[in-house]
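Here's a friendly walk through one protein model. Have a look at the picture first, and then we'll go through some of its parts together.

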Amino acid sequence: MPVAAAVLAGAALLLSGCSSDGGGDGDGDRGRTTRPVGQRPADTGPFWVNPEGSAARQAAAYEKDGRKDEAAQIRKIAEQPVGEWIGPDRPEQEARGLTEAAEKAGRDALLVLYNIPHRDCGQFSRGGAADGDAYRAWIDGVARGIGDRRATVVLEPDAVLHMADRCTPEQFHEERYAALRGAVETLTALKNTKVYLDAGNAGWSHPDALHEPLRRSGAERADGFAVNVSNFQTTEASEAYGKRLSAGLGGKPFVVDTSRNGRGPYTGGGKDPWCNPPGRGLGEAPTTRTGDPKVAAYLWVKRPGESDGTCRGGPRAGQWWPEYALGLARRSAL
């Protein structure tokens, strides 16, 4: 899982009405784009499009270099709302900057919280808060930053699943359950915040085994749960999986991460099929118009074009990878 911290300087630019031209993969000179990234129609989905995101900067760089085809492809990503992953060090400032920018645009912020202690079982995105107390302080900072502004929060990708599959050692389970319950309680107490607790993906063959761990993690108090975060399972499979989980959770609604599931999961073999798999494509555009009352939204929780980790030639987890982004865009129906 990536940890893509919001850049406070970027938030300041957003609030002052600036846009960027990005002189490269996101770290170039700033200036004006020829065609700034705007917001999607509010009646399609309420979520904020970040005009300063990596994809927007990459599209501007391609435009500046005269690479019109590449720019058009990357705009398929840049013009959609994607999750903003709050970093570990300045949660209040980042959450405030992002929600204020979204509010100014008349949209809702989509935030992803990924800082649970002993995160990712020591794999590519290992780390997280030092302990339960540090995590609670971090969540409190996020909550102060959100305040009464509108936000949708996807809470802790893989945290529950990794207890069910024993990837996270059992000695850490009680601390994690308490941390997740506390996070749900703190965030759902906010006036205009919706919270979706991550619940794994359709590649997990024992969804019924997640009912009790999700309940112990606060799912019944949350607004719902999230499936397929950072994964590639099809929307059809994800909805079937979500409905099976929902049946054991009092009919809770759920959201589906469709950011990279347009071609379904990788079946070509090899180690870690979830990590930068080749041949994948963007999925359905984010929307709250899913046609199913149980499916609250299709979201792009994972930011398409950011690496899953140092596998298959990728940079470290969470880093922008333009070549991979281009492949996802070219193999999409958008």
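Let's start with helix H10, whose buried residues pack against H2 and H3. Helices here are DSSP runs of H or I with at least four residues, strands are E runs of at least two, and both are numbered from the N terminus. Keep in mind that this is a predicted model, where local features need pLDDT of at least 70, side-chain atom pairs count only at pLDDT 80 or more, and totals for chains, interfaces and linings use all residues. Residues are numbered from 1 along each chain as its sequence is written, and side-chain values use heavy atoms, with hydrogens and water left out.

So how covered is H10? Seven of its nine residues are buried, so the label "mostly covered" goes to H10, with buried meaning under 20% relative accessible area, exposed over 50% and partly exposed in between (1.4 Å probe, protein chains only). Those buried residues are Pro-322, Tyr-324, Ala-325, Leu-326, Gly-327, Leu-328 and Ala-329.

H2 gets the "mostly covered" label too, with nine of its eleven residues buried. Among them are Ser-54, Arg-57, Gln-58 and Tyr-62. The cover over the buried residues of H2 includes H3 and H10. Just after H2 comes Gly-66, which has a positive phi of about 75°.

| Helix | Residues and values |
|---|---|
| H2 | residues 54–64, nine of eleven buried |
| H3 | residues 68–78, axis within 9 Å of the H10 axis |
| H10 | residues 322–330, axis crossing that of H3 at roughly 80° |

Now for H3 and H10 as a pair. Their axes come within 9 Å and cross at roughly 80°, where axes are lines fitted to C-alpha atoms, for helices over the stretch in contact, and angles run from 0 to 180 degrees between N-to-C directions. That makes H3 roughly perpendicular to H10, a label for angles of 65 to 115 degrees (under 35 is roughly parallel, over 145 roughly antiparallel, and the rest oblique). On the H3 side the contact (heavy atoms within 4.5 Å) uses Asp-69, Glu-70, Gln-73, Ile-74, Lys-76 and Ile-77, while H10 brings Pro-322, Ala-325, Leu-326, Ala-329 and Arg-330. Sort the residues of this contact and you get six nonpolar, one polar and four charged.

Next, the disulfide. The count comes to one, going by a pair of cysteine sulfur atoms within 2.5 Å. Cys-275 is joined to Cys-311, with 1.9 Å from S to S. The link is left-handed, at -95° about the S-S bond. It ties together distant parts of the chain, 36 residues apart: Cys-275 is in the loop between strands S6 and S7, and Cys-311 in the loop between S7 and H10. Are these two cysteines buried or exposed? Both Cys-275 and Cys-311 are buried.

Over in the loop between H3 and strand S1 sits Gln-80. Gln-80 is buried, with a relative accessible area of 9%. Leaving out residues up to four places away in sequence, Gln-80 touches Arg-40, Val-49, Ala-285, Pro-286 and Trp-300. Ala-285 is 205 residues from Gln-80 along the chain, yet their C-alpha atoms are separated by 7.1 Å.

Finally, the whole chain. The protein chain has ten helices and seven strands, and 57% of its 334 residues count as buried. Of contacts between residues at least 6 apart in sequence, 74% join residues at least 24 apart.

Conventions: Ala, Val, Leu, Ile, Met, Phe, Trp, Tyr, Cys and Pro count as nonpolar, Asp, Glu, Lys and Arg as charged, and the others, Gly among them, as polar.
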